[in-house]
Amino acid sequence: KEYVTMDNLVAVQPNHHNGALFLPAHLDFPRADGFGVVIATICIRKTNGSRVILIDDGDDGEEEMYWSLNLEDGYCYFLSGNSRNKCLHGILSETSGYRETLNLRYGLHSIEMAKEEIDRHWPS
């Protein structure tokens, strides 16, 4: 199914990082404040030298994996599928100061979809 369409855009969320050097690694829980089947983040201002990190600690018996992406002003990255549902993500910055990004959130998880795509990786 296609989610990144204007009809599926459910929220536009500005992020003002207020001088923080990092955004701790976290999971966006879909039935709470981390909604959006696909989350696009646009780097607006002062993001140069920052990196987004993705951490997959592996399901039972699987190896841990890590990725990082350079961020620059004007860059955009998307979290969907396992990068959104299974991996923790966060931001590391080499410099403090005012940073601004914009999240575009597309689509909403039903309870069943959240259980199938996310909860199976994060048993309570």
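**Close-up 1. Arg45 and its salt-bridge partner Glu100.** Arg45 is partly exposed at a relative accessible area of 41%, whereas Glu100 is buried at 14%; buried means under 20% relative accessible area, exposed over 50%, and partly exposed in between, with a 1.4 Å probe and protein chains only. This is a predicted model, in which local features need pLDDT of at least 70 and side-chain atom pairs count only at pLDDT 80 or more, while totals for chains, interfaces and linings use all residues. The closest N and O atoms of Arg45 and Glu100 are 2.8 Å apart, a salt bridge being a side-chain nitrogen of Lys or Arg within 4 Å of a carboxyl oxygen of Asp or Glu. Because Arg45 lies in strand 3 (residues 38-45) and Glu100 in strand 8 (residues 100-106), the pair ties together parts that are 55 residues apart in sequence; strands (E, at least two residues) and helices (H or I, at least four) are DSSP runs numbered from the N terminus.

**Close-up 2. The salt bridge between Asp56 and Lys86.** The closest N and O atoms of this pair are 3.4 Å apart, and it links Asp56 in strand 4 (residues 50-56) with Lys86 in the loop between helix 1 (82-85) and strand 7 (88-93), 30 residues apart. Asp56 is buried at 6%, and Lys86 is buried at 7%.

**Close-up 3. The network of salt bridges linking Asp56, Glu62 and Lys86.** Glu62 is partly exposed, at 45% relative accessibility. Residues are numbered from 1 along each chain as its sequence is written, and side-chain values use heavy atoms, leaving out hydrogens and water.
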